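Hi,

Here is the structure I promised to pass on. Have a look at it first, and then read my notes below.

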Amino acid sequence: MHRRTYALAAAGAAAAALTLPLLPHPAVAQPTSPVTSDFNADGYPDLAVGVPDATVNGKAKAGYVNVLWGGTKGVGRHGGIRISQSTAEVPGTPEAGDRFGAAVALVDTSGDGVAELLVGAPGEDISGRGKDAGLVQVIGGAKSATNGRPGPGSNVITGPSASAAYGWSVAAADLTGDGGRDIVTGGRDKVVLRAVVDDGEDVVVTTVLATPMGGRAPLLATGDFTADGTDDLALAFHTINAPHTQSHVRLWSWDPAERRMANTWNADNGAASALAVGDFDGDGLDDLALGECREIADENIDDPCGPESYAEGGGIHVLYGHANSFGFRSQTLNQDTVGVYGVAEDGDRFGASLAVLDWNGDGRDDLIAGAPGEAIGTRAAAGAATLLLGHAGGIVDRFGEASSVPYHQARPGVPGAAEASDAFGAAVATGDFDKDGTPETAVGSPGENTASGGVWVFPKTSVTGSYALTPKNLGLPSPTTALSYGRFLSSH
């Protein structure tokens, strides 16, 4: 059985076709997958929305996380909870610039069937360590969360020095093979693992990688790419003249003898904006998708993102799992690929956010790709998202063609209107939030309503019955301010 987690990234998009999809919706509900993001212990997956730009207790950009409950009526229609450092169960105090919620993940770290909430606060000042040292906190899920009282919270890891910015990115998986959940934290120029080993009696904190990363959050994702039964860590970062241009996608695996992560696979010269893990060809092995993959470094080195022509407007490069040779087989596509809606244009940022689901229940994972820079008509960066179906050969079939469905605010049945700079598709997430057997898709639009933002929910990943969740209709405080609601999403 393959295990997967998803890394999502914000972005900006391109010009989507207005043609309606020709693909049939699955007529029979498929078996539901295990619930991994149930924070309030009601049996339904939930959705976490990080809002690091929010003011809390008068402190600008202190930040909070809005966890929206799943349920029979759909996610966000059963209420939710707002969690910040002013929440009684959460350590610390809201301070200006903490940016609590800049990274979020819902994952069952304790193995009790209820998800915990992992939250990054890269702007947190740590006494004795300096400004913007950053931290990652874990907040327990509980039935009481439905009534506004989550389980107790604690600090997972704190930055060692000023500007370390721990909490820019976060992921969790069983990387050591002991059945527990280990937590990976991305900070400024560093990725750190906190692993519980030796039957839970020992905590190991080790640096996975320390190198210049261009002032960006490192991308993190986990999956069993080598089919050895233990999850591996996928890590991507790039720099531009800082001090020199470099870009990397790397895999790391746990070395029990050394009690650290060991680098096992590398691809240089390709930059990505998002990572996602799924079994796109249905062979039982985890595959790694690189979103908005493009060459940025040496033109004389083979491009690890596939043909350079596919990078225009953003391309998606898929590296397929293999027991002995990960990445030996790969595929690349963009909006000029036959079967993909839209046209590849500079600035589309196709693939700048990614999420995985098995929409039609055929045993092959499908991919949701955001393109927040997509122009809809004359409205620049209105944004779009695209469903790409998995085939027997992967995301593209043996003829090199794809099957896709577009989503944007100019489509009939989708609420709202496509407007310039909405950035629809800046983040995407999936989950069977109503447990009807067919997964839903949530699409963030942080530029909506003058950057107040919103999240669009597509039941059964269809435009039929789609609805928008905005700070105003959710009753969140200061709904007309620039919250950028929908830029950071997690449902896994």
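How far apart are the sulfur atoms of C293 and C305? They sit 1.8 Å from each other, and the two residues form a disulfide, the term here being a pair of cysteine sulfur atoms within 2.5 Å. Before I go on, a word on the source: this is a predicted model, in which local features need pLDDT of at least 70 and side-chain atom pairs count only at pLDDT 80 or more, while totals for chains, interfaces and linings use all residues. Residues are numbered from 1 along each chain as its sequence is written, and side-chain values use heavy atoms, with hydrogens and water left out.

Back to the cysteines. The structure holds 1 disulfide. C293 lies in strand β19 (residues 287–295) and C305 in the loop between β19 and β20 (315–319), so the pair ties together parts that are 12 residues apart in sequence. (Strands are DSSP runs of E, at least two residues, and are numbered from the N terminus.) The torsion about the S-S bond of C293 and C305 is about -60 degrees, so this disulfide is left-handed. Both C293 and C305 are buried, meaning under 20% relative accessible area with a 1.4 Å probe, protein chains only.

Now for the sheet I'd like you to look at. It is open, with 4 strands in the order β5-β6-β7-β8 and antiparallel pairing; two strands count as paired if DSSP finds at least two bridges between them. At the edges stand β5 and β8 (153–158), each with a single partner strand, so one side of each has no neighbour in the sheet. From one strand to the next, the twist averages 20 degrees, with axes fitted as lines to C-alpha atoms and angles running from 0 to 180 degrees between N-to-C directions.

What about β6 (residues 116–121)? Here 6 of the 6 residues are buried, so the strand is largely enclosed by the rest of the structure. In a regular strand the side chains alternate between the two faces of the sheet. In β6 both faces are covered, with E116, L118 and G120 buried on one side and L117, V119 and A121 on the other.

As for its partners, β6 pairs over 5 antiparallel bridges with β5 (residues 103–107), and it pairs over 5 antiparallel bridges with β7 (residues 135–139). V119 of β6 stands opposite V104, and its bridge partner in β7 is Q137. G120 of β6 faces A103.

Cheers

Terms used. Buried means under 20% relative accessible area, exposed over 50%, partly exposed in between (1.4 Å probe, protein chains only).
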